[in-house]
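Here are some friendly notes to read alongside the model.

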Amino acid sequence: MDSLPLPFIVLLITLFTPLQTSSAPGSACQSTCGSLQVKYPFGTGYGCGSPRFQPYVTCSSDHLLLTTHTGSYPITSVSYKDSTLTITPPYMSTCSSMQQSPNLGLDWASPFQLGPSIFLLLSCTPPTSSLTIKGSPVCDPSSSDLCASIYSCPSVVSLGLHLFPPTNTCCVYSPANFNSKGELDLRAMKCIGYASIASFQDSPTDPSRWQYGVTLKYTNGAFDDYDMNNKCNTCEDSGGLCGYSPPSDSFVCACKNGFNTSTACYNNYNPFQDDEDQEITWSSTSLPTWKIWLGLLAGLTFCLAA
Ligand SMILES: *[C@@H]1O[C@H](CO)[C@@H](O)[C@H](O)[C@H]1NC(C)=O
């Protein structure tokens, strides 16, 4: 009786050896954080997105957070098209809840600047019309109807005001930048709280329907040059997530099937195909898979030869 050729046994063993899951390394970069889509220049962890953004924006227990020298603020929306995002500082006032607020600050070195936000400074020392910074008035008197609107919210009492307080204790402030420390300095302006309006939601006179939040702009800056954006678009179009590889911070395209490349993801990539310019970086856990395929090929060759 002819025994089975040894290569055939090897082939059978390799066929039924459970493949190591190669999805684990792909979980390093996520495409969402909570309900928000996360893509370049943001990332969900170290090595994901742009290295210029990574220290400031993180995903923590399903919340995308912006961290500055004054605190961590939940990011509630991102417009990748307009390069803007909206944060909701926890101590900001809204129509339903008003409270004393600490300073809100942005870091000078960070890629974030103040976007087109309207701040309503609340419970200030009257009259706010005499409030000046370097000799110029701070408050915009032409939009004082916004003050009357927000002062119709019953929660004004939490700021030490009575119902329907005089609007000369409120200030409509639309700064292009914060002060020299990068902060909205409420104490210097002698105000107790602030509300920031991200959108009037088509109801300019109904503060209970406004969307509260601080809109920020972000700039990709010098690191993220044209070449980088091009590479990233190619990567994202192929279903990958853009990242970087410290310490050189060279570009990495993190693919869903767990391996990284410097170009684009090919989900049905065949290692036997002669594609030398793809520069595939095999992750350590996908290497065994590679060996199995090599074993299969060797087994088959031996079988055919036998
Ligand atoms: C792939 O790249 C991401 C982002 O830089 C990194 O977190 C991950 O560890 C890399 N995976 C492998 C297997 O090299």
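1. Start with Asp62, which counts as exposed because it has 10 C-beta neighbours inside 10 Å. You will find Asp62 in the loop between β3 and β4 (63–68). Strands are DSSP runs of E with at least two residues, numbered from the N terminus.

2. A word on the source: this is a predicted model, where local features need pLDDT of at least 70, side-chain atom pairs count only at pLDDT 80 or more, and totals for chains, interfaces and linings use all residues. Residues are numbered from 1 along each chain as its sequence is written.

3. Next, please look at Lys134, in the loop between β10 (132–133) and β11 (136–137). Lys134 is not a glycine, yet its phi is positive, about 50°. Lys134 counts as exposed because it has 5 C-beta neighbours inside 10 Å.

4. Now for a cis peptide bond: one joins Tyr40 and Pro41, with omega about 5°. Pro41 sits in the loop that runs between β2 (36–37) and β3 (57–60).

5. Where is Pro247 found? Pro247 lies in the loop between β17 (241–245) and β18 (250–254). The peptide bond joining Pro246 and Pro247 is cis, and its omega is about 5°.

Technical notes:
Helices (H or I, at least four residues) and strands (E, at least two) are DSSP runs, numbered from the N terminus. A residue is buried if 20 or more other C-beta atoms lie within 10 Å of its own, exposed if 12 or fewer, and partly exposed in between; C-beta atoms are placed from the backbone.
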